Amino acid sequence: MNKLFLEDTIVAPATKLAKQAISIIRISGSDAFKITNKILKDDLIYKNTQQLRKIYDNNFLIDEALIITFIDKKSFTGENVVEINCHGGVLVTKKIISLLINNGARMAEPGEFSQRAFLNSKINLLQAESINNLIESKNELALKINAIGVTGQNNKELLNIKENLVDIISRIQTSIDYPDYDDIEGSDSQSISKVLQLTNNNLKKIINISKRAQNINEGIQTLILGAPNVGKSSLLNSLINEDKAIVTDIEGTTRDIVEGQLNFDNFTLNLIDTAGIRKTQDAVEQIGIEKSLKLISQAELILYVIDNQIDDEIMSKIKDKNFIIVRNKIDILDQKQLHNLKNNSKDMIFISAKENNVEPLIKKIEAMWNNEEVLESSLPIITNMNSIINLEKIFELIQTSIKNLNQGFTIDMINLDLYNALDILNNILGIIDADEEIINNIFKKYCLGK
């Protein structure tokens, strides 16, 4: 965002444009009160309060609205903010926004309110990412994790790591600048290596729990795999309770991937139904099979569906992944056959997708991916993948520094890596000016009005 645009007063609907009881229109900027007053008969009082006002287009009454006003430091953006709670018709909402624009406001870009909050130091980048993740939450646990992130509680441990890095860099720099002072406490290689190792141990724990939280936010990539006509598409439809995939008795019906989503309380499955794996001369079907096989490497969970025998070739491809063998079509078995099968195949889950009997599979998945204990951790949970990747870079830089110290390198030679680690951590926390293009890209994914 061009810094010149930060002087603009911006406006956008903070609620969806739809027929509803109330719509909220948000205005932010130094002229928020001045512009809003142009469409009122009675000027707004300049303080943090609620005010009832009639809205006019010249002398024609448009609506009567409850207006909530915020003075700069008390607002979300750190600027003067006016929120108009008008009646929720699409036409009236658009009309009021149009009047505000005609009187000097500019339509906000997606995420511009949050971006201004960041630039005005009301929130940091981690909080900003948590706001967007909170809006996009797919399950109850994701909602709770992202709500914690919005409060800024994620920062404390990272700030401690930052302080440790600053302290170590300062010790090393003092030793370099004043070589005659060789008795600075904690500036020897062994002491520095010990502190760095403790720092990296904490970083590793934060990275691990944050990756789990990332799965909770983004969903677990779940591949439904198997031979043709074993009921993969029926399973997808049964799990999401929707006829999304075409189901026939003809082998090779599914020739491309079909996707669906299943939300549990503590996680979400991103389900992918795939083409049945078999040898075929059909060129189009073969392309679908190749896609299915490529997706194995990306999957975090594989539901291997069978209706009779396990295919050793398929098992060899999934043996190193998280997988569940799902024995489908138990509805065609009598009680004796089913009893014998269960006794001889204890590692399988038995279902009938056709009869919507998939509860045993759901219970198995819940047992595998229950993440409730994530909330009990005292560690900060980072919910943005880019920030997690940057934490991994910091971990590697510190690990390199420890390795170099243990190999006899002088302490001044590791300072460059530590400075780089500190720069990355500062960017994660938003403590220094990050690249303008990066900042813009972060906030562009936000919804309009936020």
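A: Start with pairing: two strands count as paired if DSSP finds at least two bridges between them. Keep in mind that this is a predicted model.

Q: How many bridges join strand β8 to strand β9?
A: Six bridges join β8 (residues 258–263) to β9 (residues 268–273), and the two strands run antiparallel. The link from β8 to β9 is a hairpin of four residues.

Q: What is the order of the strands in the open sheet?
A: The sheet has six strands in the order β3-β4-β5-β2-β1-β6, and its pairing is mixed. The edges are taken by β3 (49–57) and β6 (106–107); each has a single partner strand, so one side of each has no neighbour in the sheet. Between β3 and β4 (residues 60–70) there are nine bridges, with the strands antiparallel. In that pairing, Gln50 is opposite Ile68 of β4.

Q: Which helices pack on this sheet?
A: Helix α2 (residues 90–102) does, touching β1 (10–13), β2 (20–28), β3, β4, β5 (81–88) and β6. The direction of α2 makes about 150 degrees with that of β5. Helix α3 (residues 112–119) also packs on the sheet, where it touches β1, β2 and β6. For α3, the angle with the direction of β1 is about 135 degrees.

Q: Which residues make the contact between α6 and α7?
A: From α6 they include Leu158, Ile161, Leu165, Ile168 and Ile172, and from α7 they include Ile192, Val195, Leu196, Thr199, Leu203 and Ile206. As a general idea, an α-helix has 3.6 residues a turn, so residues three or four places apart point the same way.

Q: How many residues of α8 are buried?
A: Nine of its nine residues are buried, and α8 is mostly covered. Among them are Lys232, Leu235, Asn237 and Ile240. The buried residues of α8 pack against β7, β8, β9, β10 (301–306) and α12 (359–368). Just after α8, Asn241 has a positive phi of about 55 degrees.

Q: Which positions does UniProt list under "binding site"?
A: An unreviewed UniProt entry places that feature at Asn229, Thr248, Ile250 and Thr253. UniProt also lists Ser233 and Thr254 for "binding site", again from an unreviewed entry. Such annotations may be inferred rather than shown by experiment.

Q: Where are Asn229 and Ser233 found?
A: Asn229 is in the loop between β7 (220–226) and α8 (232–240), while Ser233 is in helix α8. Asn229 has 30% relative accessibility and therefore counts as partly exposed. Ser233 has a relative accessible area of 9%, so Ser233 is buried.

Notes
Residues are numbered from 1 along each chain as its sequence is written. This is a predicted model: local features need pLDDT of at least 70, side-chain atom pairs count only at pLDDT 80 or more; totals for chains, interfaces and linings use all residues. Side-chain values use heavy atoms; hydrogens and water are left out. Buried means under 20% relative accessible area, exposed over 50%, partly exposed in between (1.4 Å probe, protein chains only). Contact means heavy atoms within 4.5 Å. Axes are lines fitted to C-alpha atoms, for helices over the stretch in contact, and angles run from 0 to 180 degrees between N-to-C directions.
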